[in-house]
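Please keep the viewer open as you read.

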Amino acid sequence: MEANTRSTGRLPAAFLTPGSSSFMDFLSDHSPEILPGNRSLPPLQGAVEAPHGTTIVAASFPGGVVLAGDRRATMGNMIAQRDIEKVFPADEYSAVGIAGTAGLAVEMVKLFQLELEHFEKVEGATLSLEGKANRLSTMIRSNLAMAMQGLAVVPLFAGYDVDREKGRIFSYDVTGGRSEEHGYAATGSGSVFARGSMKKLYRNDLTEEQTLTLVVQALYDAADDDSATGGPDVARRIYPIVTVITDEGFRKLADTESSEIARAILERRLEQPDGPRAALL
């Protein structure tokens with residue numbers, strides 16, 4: 001057997017001595033057909049009907065960042081799933097919220113998690129938050145062929161920058177173009193309404209608790225105007241997924257915590273259906 005195919009046990013030697021700290025590069029060398037962007041699609045006949053995730057929001061506060069998402073997935077004008085999870089930890093200090101084609105988005109998140117874990121094990125250190133954002137940008141760009149056929153994935157990435165000691169937010173377009181957002185951001189079908197809500201309510205001196213309320217208010221406003229965004233479903237006990245990332249790491253709010261915030265907002269909306277008012281001056 002030639003040296004480049006020599007194996008230890010059942011695995012080829014190349015699998016045990018990767019030459020790159022990038023898991024995606026490793027797959028490209030050894031199993032390129034596994035990568036989502038390399039898969040061939042059958043000829044399309046009309047529009048593609050696939051479940052889509054909708055609205056993701058993020059807001060920073062002194063000491064960290066909050067990332068949250070609604071729970072609805074749609075397929076055309078139908079509700080495909082009422083309790084989908086759209087916010088996932090990327091590693092200890094960062095998280096990804098997904099919007100777009102749900103199946104591809106979840107697969108991309110899992111690959112991103114492996115990418116960061118692979119780098120840490122090979123290099124013995126974690127990527128900087130900027131480096132993580134760049135890696136995600138490369139992964140989104142690799143999905144461009146599918147995005148051009150209607151199967152786009154447009155995530156929101158947020159994390160705590162241990163070097164700068166603050167929370168940061170990054171948004172993307174379908175080509176992998178990356179932009180750092182300051183203060184707050186939103187993506188998905190209800191993003192225009194969520195962003196408008198946060199634009200009037202956000203302050204850079206909000207506490208963590210106030211920021212949690214802010215993002216749930218924004219998701220409520222998005223659901224109020226966008227049919228693809230799901231609001232709090234009290235009857236089914238389905239509430240937004242809300243996460244916090246600080247210098248202590250990633251934390252997902254328990255259902256009891258997120259439901260308490262959502263119920264408090266619902267009570268106030270009985271008096272003010274359009275939500276809190278911002279001062280004119």
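This is a predicted model: local features need pLDDT of at least 70, side-chain atom pairs count only at pLDDT 80 or more; totals for chains, interfaces and linings use all residues.

Residues are numbered from 1 along each chain as its sequence is written, and side-chain values use heavy atoms, without hydrogens and water.

The chain contains eight helices and 16 strands; these are DSSP runs numbered from the N terminus, with helices being H or I of at least four residues and strands E of at least two. Of its 281 residues, 47% count as buried, where buried means under 20% relative accessible area, exposed over 50%, and partly exposed in between, with a 1.4 Å probe and protein chains only. Among contacts with a separation of 6 or more, 64% come from residues 24 or more positions apart, a contact being heavy atoms within 4.5 Å.

What are its partners? Strand S4 (residues 56–61) runs antiparallel to S5 and is joined to it by six bridges; two strands count as paired if DSSP finds at least two bridges between them. Within this pair, Ser-60 stands opposite Val-65. S4 and S5 form a hairpin with two residues between them, and Gly-63 in the turn has a positive phi of about 110°. S5 is also joined to S15 by six antiparallel bridges, with Ala-68 opposite Val-242.

Elsewhere, four strands make an open sheet in the order S7-S6-S3-S10, with antiparallel pairing. Strands S7 (78–81) and S10 (100–101) stand at the edges with a single partner strand each, so one side of each has no neighbour in the sheet. Strand S3 (residues 52–53) pairs with S10 in the antiparallel sense over two bridges, and Gly-53 has Gly-100 as its bridge partner.

Now to the helices. Two packed helices are described by the angle between their axes and the distance between the axes. The axes of H6 (residues 191–201) and H7 (residues 208–225) come within 7 Å and cross at roughly 140°; axes are lines fitted to C-alpha atoms, for helices over the stretch in contact, and angles run from 0 to 180 degrees between N-to-C directions. The two helices are therefore oblique to each other, since angles under 35 degrees count as roughly parallel, over 145 as roughly antiparallel, 65 to 115 as roughly perpendicular and the rest as oblique. On the H6 side the contact is made by Phe-193, Ala-194, Ser-197, Met-198 and Leu-201, and on the H7 side by Leu-214, Gln-217, Ala-218, Asp-221, Ala-222 and Asp-225.

Finally, look at two loop residues. Glu-165 has a positive phi of about 55° although it is not a glycine. Glu-165 sits in the loop between strands S11 (156–161) and S12 (166–172), and is exposed at a relative accessible area of 61%. Arg-237, also not a glycine, has a positive phi of about 55°. Arg-237 lies in the loop between H7 and strand S15 (241–246), and is exposed at 63% relative accessible area.
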